[in-house]
Amino acid sequence: MDPTTDNAAPTGDPAAARAALEALRAEIAKAVVGQDPAVTGLVVALLCRGHVLLEGVPGVAKTLLIRSLAAALELDTKRVQFTPDLMPSDVTGSLVYDARTAEFSFQPGPVFTNLLLADEINRTPPKTQSSLLEAMEERQVTVDGTPRALPDPFLVAATQNPVEYGGTYPLPEAQLDRFLLKLTIPLPSRQDEIDVLTRHAEGFDPRDLRAAGVRPVATAADLEAARRAVAATTVSPEITAYVVDICRATRESPSLTLGVSPRGATALLATARAWAWLTGRDYVIPDDVKALALPTLRHRIQLRPEAEMEGVTADSVITAVLSHVPVPR
């Protein structure tokens, strides 16, 4: 962590850290209208040191959302447009020959940042997609046998378009499982869309967040204090068993060929813990698990083709599982 960010007295206080993270919603709302669930999901991912898959049609402010979050958290952000000709070294960096010194030096790629927006990740071949795996899992990049640590915090927010699948390379299940959350970015409501157009008519420029009034309201030190508080949030044996029962029930669903793995169960426990802390409690209740079940599990299951033809969705299967698994008292 950059020691220059640890200059405010309240950054070690969990209550102050929670207040700072709660202020993100209001700050990001200065630039992005009507995306509170996505903002909350991104904060949960940061608290859990996880990564996020954002799915939404073009033009729903996915890029603006990440840029606004980075500005409000005073973090560095970079964007990579994934295309069929993108090479792994374009993401991770490579060794560059310096003729003056007759030596090779490492040129860091855009992955060396705090918030990496991997735009349309499913439009690049698997070889380039997999270049992010080590970075996401190990928080490091290995080039020419030398591991290089990534900054902390580090979050990959990968986007994919739910339409126009021609010429795309769907992410394999093993890579999807590396994303902590899959957040759907819906089209705005009528009133939200009116608000967006009104802001643009009044001179809002999405490329100039400073002019929009977005300012840092939390720091990396606040985030670290919040992570420590989340780690201390109590999880009872009954809640642990509830998470396991939900995940095991997906493996028995007749609509699925692939249920939630133990990694998915661990992820659900972590996100429920973070949500419990964000809502002001130091213990997890069943409602916390239910609140995060859809975004945490929807990308970790695989539907049978016949179920898809009948209109069954991942969300409907998880919702049905939640309604059948007994809730601890």
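## Close-up views of a predicted model

Figure 1. Strand 1 pairs with strand 8 in the parallel sense over four bridges, and Leu53 stands opposite Ala158 in strand 8. Strand 5, residues 115-119, also runs parallel to strand 8 and is joined to it by four bridges. In that pairing, Leu115 stands opposite Leu155.

Figure 2. The peptide bond from Asp152 to Pro153 is cis, and its omega is near 5 degrees. Most peptide bonds are trans. Pro153 is placed in the loop between strand 7 (146-149) and strand 8 (155-160).

**Figure 3. The hairpin of strand 6 and strand 7.** Strand 6 and strand 7 run antiparallel and are joined by four bridges. The bridge partner of Gln140 is Ala149, in strand 7. Two residues lie between the strands of this hairpin, and Asp144 in the turn has a positive phi of about 55 degrees.

Figure 4. Arg49 is found in the loop between helix 2 (36-47) and strand 1 (52-55). Its phi is near 55 degrees, a positive value in a residue other than glycine. Most residues other than glycine have a negative phi. The relative accessibility of Arg49 is 37%, so this residue counts as partly exposed.

Figure 5. Helix 3 comprises 12 residues, 62-73, and reaches 17 Å from its first C-alpha to its last, close to the 16 Å expected at 1.5 Å a residue. The helix is mostly covered, as nine of its 12 residues are buried. The buried residues are Lys62, Leu64, Leu65, Ile66, Ser68, Leu69, Ala70, Ala72 and Leu73. An α-helix has 3.6 residues a turn, so residues three or four places apart point the same way. Among the buried residues of helix 3 are Leu65 and Leu69. Helix 3 is followed by Glu74, which has a positive phi near 55 degrees.

**Figure 6. The aromatic pair of Phe106 and Phe112.** Two aromatic pairs are found in a search of the whole structure. In the pair shown, the rings of Phe106 and Phe112 have their centres 5.7 Å apart and their planes at 70 degrees, so the pair is edge-to-face. The cut-off behind this class is an angle over 60 degrees between the planes. Phe106 and Phe112 are both buried.

**Figure 7. Arg263 and its contacts.** Arg263 belongs to helix 11, residues 262-278. At 36% relative accessibility, Arg263 counts as partly exposed. Leaving aside neighbours within four places in sequence, Arg263 is in contact with Asp177, Arg178 and Arg300. The C-alpha atoms of Arg263 and Ser131 are separated by 21 Å, and these two residues are 132 residues apart along the chain.

**Figure 8. The whole chain, as context for the close-up views.** The protein chain has 14 helices and 11 strands. Its radius of gyration is 21 Å, close to the 20 Å that the globule rule gives for 329 residues, so the chain is as compact as a globular protein of that length. Taken along the principal axes, the C-alpha atoms fill a box of roughly 70 × 45 × 45 Å. Of the 329 residues, 47% are buried. Among contacts with a separation of 6 or more, 79% come from residues 24 or more positions apart. The chain exposes about 15,700 Å², of which carbon and sulfur atoms supply 54%.

Methods:
Residues numbered from 1 in each chain as written. Predicted model: local features only at pLDDT ≥ 70, side-chain atom pairs only at ≥ 80, totals over all residues. Heavy atoms only, no water. Expected span 1.5 Å × (residues − 1). Buried < 20%, exposed > 50% of the residue type's maximum accessible area, 1.4 Å probe, protein only. Pairing = 2+ DSSP bridges. Rg over C-alpha atoms; globule rule 2.2 N^0.38 Å. Contact = heavy atoms within 4.5 Å. Areas by Shrake-Rupley, 256 points an atom, 1.4 Å probe, with all protein chains shown as cover. Phe/Tyr/Trp six-rings, centres within 6.5 Å; stacked < 30°, edge-to-face > 60°.
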